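Let's take a look at one helix and its surroundings. Here are the sequence and the model.

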Amino acid sequence: MALDTVAIAQTTPDNSQPFAELGLKPDEYARIKEILGRRPTSSELAMYSVMWSEHCSYKSSKVHLKQFGEKAPKSDALLVGIGENAGVVDVGQGYAVTFKIESHNHPSFVEPYQGAATGVGGIVRDILTMGARPIAVMDPLRFGPADAPDTRRVLPGIVAGVGGYGNCLGLPNIGGEVTFDETYAGNPLVNALCVGVMKHSDIKLAKAAGAGNLVVLYGAKTGGDGIGGVSVLASETFGAGGSTKRPSVQVGDPFVEKVLIECSLEIFAEDLVVGIQDLGGAGLSCATSELASGGSGGMKVQLDKVPLRDPSLSPEEILMSESQERMCAIVEPSKIDRFLEICKKWDVTVTVIGEVTDGNHLEITWNGELIVDVPPRTVAHDGPVYNRPLAQPDYINQVNSQTVNVPIPVTASEIKAAVLKLAAAPNLADKSWVTSQYDKYVQGNTIQSQPDDSGMIRIDETTNLGVAISTDANANWSYLNPYQGAKLALAEAARNIATAGARPLAVTNCLNFGSPEDPGVMWQFAESVRGLADGCLEMGLPVTGGNVSFYNQTGSVAILPTPVIGVLGVIQDVRTRTPMSFTSAGLDLYLVGQTQEDLAGSEWAFLHNQRVGQAPEADLQREMRLIELLLEGNSFFTAAHDLSQGGLSAGLTEMVLRHKVGATVSLENPGVALLSETPGRVIVAINPADTSKLEALAIKNTIAITKLGTTGGDSLTINDAVISLAELSTAHTSTFPKLFG
Amino acid sequence: MAKIVVEVMLKPEVLEPQGNALAAALPRLGFNFAKSVRQGKRFEIEIDGEPTPAQLAEVEKAAEVLLSNPVIENYVVRVEK
Amino acid sequence: MRVGVITFPGTLDDRDAARAVGAGGAEAVALWHGDADLKSVDAVVLPGGFSYGDYLRCGAISRFAPVMQLVIEAANKGMPVLGICNGFQVLCESHLLPGALTRNSDLHFLCRDQEIEVVNNQTAWTNSFKQGEKVVIPLKNGEGSFQCDDQTLAMLEGEGRVIARYVGENPNGSRNLIAGISNAKGNVVGLMPHPEHAINELTGPSAQGLGFFTSILNAMVK
C-alpha cells in the first residue's frame, strides 16, 4: 500500500477521499483544500477529521461558550483561564490550584469499566499537564432506572472502573453523585473531576516555544486504542485481502499513569520543560497541533520514531491513536539528557520525535517522506464554527403551564411513610455501596468526602490551608427551565462549599446534552450556558474551563439537559470547618432560608412520575447573602447541611443517620415543609447559648430563619410522626445492596 | 519455534471468589451446564526451536519462583506446537 | 531512630507512612526499590499501594527488588519490618511471612473504617497497645483475604503469631478474621489495614493507628 505523501497529493488533486465517512461535511472538506492549496494527504485528512469533530473542536458550542469570557467577572484569583488544559486559581500562600471536570459518556456505555477508568485517567493527565500534583478526584454519575437490567450491567462496571483507576493512582475520591433517570438509559453520564495543587512558579502551559527545542513523547507505547473513524481510512488504504482493523476501546493502565505522574513531577521540579501537553482525544494529532499553535508556530515531527505496541499501525492510525498514559513535552536541548535520565529512573518509555520550528508549518514525516504539512492553528483552533438553529421546544410551554400533582402527607403515618420513601429512593439512598469502592484516605489530607456536602483537602500541613469542591446538577429543573436550572445548580454547588466554611472561588462545568442537530436541544444548551454565564457574573465566580458532551441521545430521546457545575472554594484553616452533622444531643436545629411550595422538579414529584410545573427562580443575591451568613456562622455552627434533592426530609434523614443522633422537630404545614425543594436553604445546628448570634446574622444578611427543634434521642420525630433511627437506617441503607448485590 | 505454556490455578482448598461469581453468573445468562467454575492464569513463553529437558526444567523453576505462588497456587507446564 | 520507608514503582502510601513515622517520634528515611542500600536504618516500613500495578500477583515483582534482598537479610537478623497492605503482600511473597493475600471474597475493593483487635502486643510494632485493645483504622484494599493451609493456620494460632483480628463481620474472607500476623521472632509484622491513615482525627477515623509507630521506638529502647 502506497504512502500518501504531500508530493503525491500535490499531483493527484482529483483522488476521491472518504471525508464523509470520517465525519467531515463537503464544505469542510472544501475548506481544507482551500487552506492547503491542494487536496489533503490521507494523514492530513485524518487529522482534520478528528480535530474538527464536535468532541475536539466544540464547533456547536463555541458561539455560546464565549459568554464565559465575555461575561467573566473580574477575579484576581484567576491565574489561567479558559483555553488551557485546565483552569488555575490562586488560593493564597503561594499555592495555585487547578481543577476541571470532563465527560467520558459514550465509551462508558460500550465498555463501562474501561470507559470510566480512562475517563479518570484523562482528566488526571489534564491536571498533571498544568504542572500540578493531582490530589483528589470526584465522579458525578448518571444512569438509567435503578432497577433496569442494563443499569445492573453498567453501574457496577463504571464504579469499579472509577475506583480501579483512581485508587491505583493514589488519588482519594472525595465526592460525586449517583442519579437515576430513564433518559440516561442508553446514555449513562460519567463525569470525572480532578483537582491538583502546585506553587505559582510551577504552572506549565501547552505551548511549543523556542525554535530548536525538542518535541519529546513519553509514557506508554502507542497502539490501536480508540481509533474510530480512521479505521475506515485504514481499510480504504489496504487493498482487498488486507487486514480489517476494527476500532478498539481505549484501555487504561493506572500503574503506567502513576509512574508517569511521579516521573513528570520530578521533571517539573527540575524545570526541564518549556511546554507540555497530554495526549487525550485525537492523540498525537491534537498534541502536536495544539503545542505548535500555542508556541513559536511550527513543528517538525518524525512519526516513525513513535514507539509502537503494534508495529503494523499505519501513519494515519498512529496520528489517531488514543492510547492512554502518554504526554508530549517541549524540552530545550541542554536539558534533554536529564529528562531522559529521570524517565529511565522510572522506567518510562521516552523518545525525541521532533523539534520546534519558527513559521506556520506542522510538518510530519514518515521514514523521510512528508505526509503532513499544515498550518497548525487551522487544525487545532480554527475549526468550523456552527451557529446551529435553536428553538424553544413545544414541551416547555406544555409543562410550565401544568401544576405538579402529588399527594401531600398530612397524618403522622403519612409523614412517616413519605420520609421513609424518600430515604429509600435510589436517588437519595445511602451510596456506600458505591463510595466504599473508592479510597478516600490516600495522601492523608482528606478532611471531607462523601457523604459530606463537599470534598475538602488540606493543601498545607503546617498552615492547614485547604480547598473544598462540590459538583452539582439538577436535571429536573434544567428540563423545566434550562436558564434557571443552570443558575440553581451553580448556587447549590457554591452553597455546598460555604456550609463547611469555605469561600467559593471558581467554577468548572461539564455540559451534558442530547444532539446539537435538534433545535430544541440546542435551545436547552444555549439557555443553560446563558444561565451559567449570567450566574457566574452575578456571583463573581469565573468559569475556568470545562467540557461539553453532545449527542447523549438514543434515537429521538435526548437525556435531560444536565449541566454539571463544579465549584471550588478555599478555607484558611481546615480545622475550623463546620461538619455536616451533629454528634451530641441538646443542640438547636434551625432552618436557614425560607420554604415556599416548590414541588415541581422535586424528587417527590419524580417518584410520582410528575415532570411538570415551573422550576424555582434563582435568587442569586439572596444565595450570596446566605453564603456570607454561612461563612460568618462557621465560627459557632456545630453543624451545617445544605438542602437539595429530597428537601428537608432528606436533609434531616442524612443528618440524623450520619452519627446516629436523632432529632425532634416541629413543622407547620409539614407535608410541604418536608418535600418542597426551595433553593437557598441550609439546616444548622447550634448551641442554644448562641441563639442570639444566629439571629443577628440572619438579620444582618436578611435571611429568614425558623427554629426546627432539637437534637438527641434515637429517632427522628416530626410533629407526631416518630421514626426510629433503626427503621430509617434500614430504609436508607438497603436500597443499593438490594439493587446491585 | 515452540510455545511453552504454564497454567496456574489456585489450590483447591483456597477460597476462590472469582470462580464462584462466574459459576453464579452462568445460569443467569442461560448457561446451565456448569457444576463449578475455577479461574486461573495462562502464561505463554515462546522459544526458538524445540524445548530441551534443561529448558523445561528452567521453566519449571520460573513457574515455581515467579509465575506462581506455591503457597496458594499449583502450576502445570506444557509444550504446545 | 531512623525508619526506612520503601518506594516501589506504584507505591502510594509511602508519604503517609513517612508522616506517621515522624508523628510517632522517629525519623523517616526514603528508600528506593532499585538501590541495594538500607542507609543504616533501624527499621523498615513497606507501605501500601499497587506496586507494579499488582501485575502477576500483588507484591510478586517488588519482592525481587534490590532493596528487598537487604531487607530479607536484615529481617532474618532481627531488624523490625512492618508491611502494610501491599507491604504485607510483599512480605508474604518474600516468604518472610507465611500465607498469602488473595482477592476480597465479594470481589470489590473495600474502603472502610475497620475495628480491629490487637491480640498480640509483644511484637516490635504492637507493644504500645494493651493486650486485646480495640482500635479503628482504615481498611482499603481489593486483595486483603488472608489465606493459608490448615497447618499454617494452626501454627500461627498456636504460636500466638496472629497479631490483629477484624472485629465484627469478616470484611474480606480472611481465615479466622486475621488482619495481621508476625514472624516467629516478632520483628516482622504484616498488617492489612492502614495505621498511617489513623494518626489524627482531622484526616482519619481516629488517632489509634499511631500506636504502631510509637511501638517501634519502645522496641529499640529495649
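Helices here are DSSP runs of H or I with at least four residues, numbered from the N terminus. Bear in mind that this is a predicted model, where local features need pLDDT of at least 70 and side-chain atom pairs count only at pLDDT 80 or more, while totals for chains, interfaces and linings use all residues. Residues are numbered from 1 along each chain as its sequence is written, chains are lettered from A in the order in which they are written, and side-chain values use heavy atoms, leaving out hydrogens and water.

At the other end of α20(A), where it starts, a side-chain oxygen of Asp518(A) comes to within 2.8 Å of the backbone nitrogen of Gly520(A). The helix is largely enclosed by the rest of the structure, because 17 of its 21 residues are buried (under 20% relative accessible area, 1.4 Å probe, protein chains only).

Now for its neighbour, helix α5 (residues 62–70) of chain A: the two pack at an angle of about 5°, with axes 9 Å apart. They are therefore roughly parallel (angles under 35 degrees, taken between N-to-C directions). Here is who touches whom, with contact meaning heavy atoms within 4.5 Å:

| Helix | Residues in the contact |
|---|---|
| α5(A) | His64(A), Leu65(A), Gln67(A), Phe68(A) |
| α20(A) | Met522(A), Phe525(A), Ala526(A), Val529(A), Arg530(A), Leu532(A), Ala533(A) |

What about whole chains? Chain A and chain B have no contact, and their closest C-alpha atoms lie 12 Å apart.

Methods
Buried < 20%, exposed > 50% of the residue type's maximum accessible area, 1.4 Å probe, protein only. Polar contact = N/O pair within 3.5 Å; in protein donor to acceptor, adjacent residues only side chain to side chain. Axes fitted to C-alpha atoms, helices over the stretch in contact; angles between N-to-C directions. Parallel < 35°, antiparallel > 145°, perpendicular 65-115°, else oblique.
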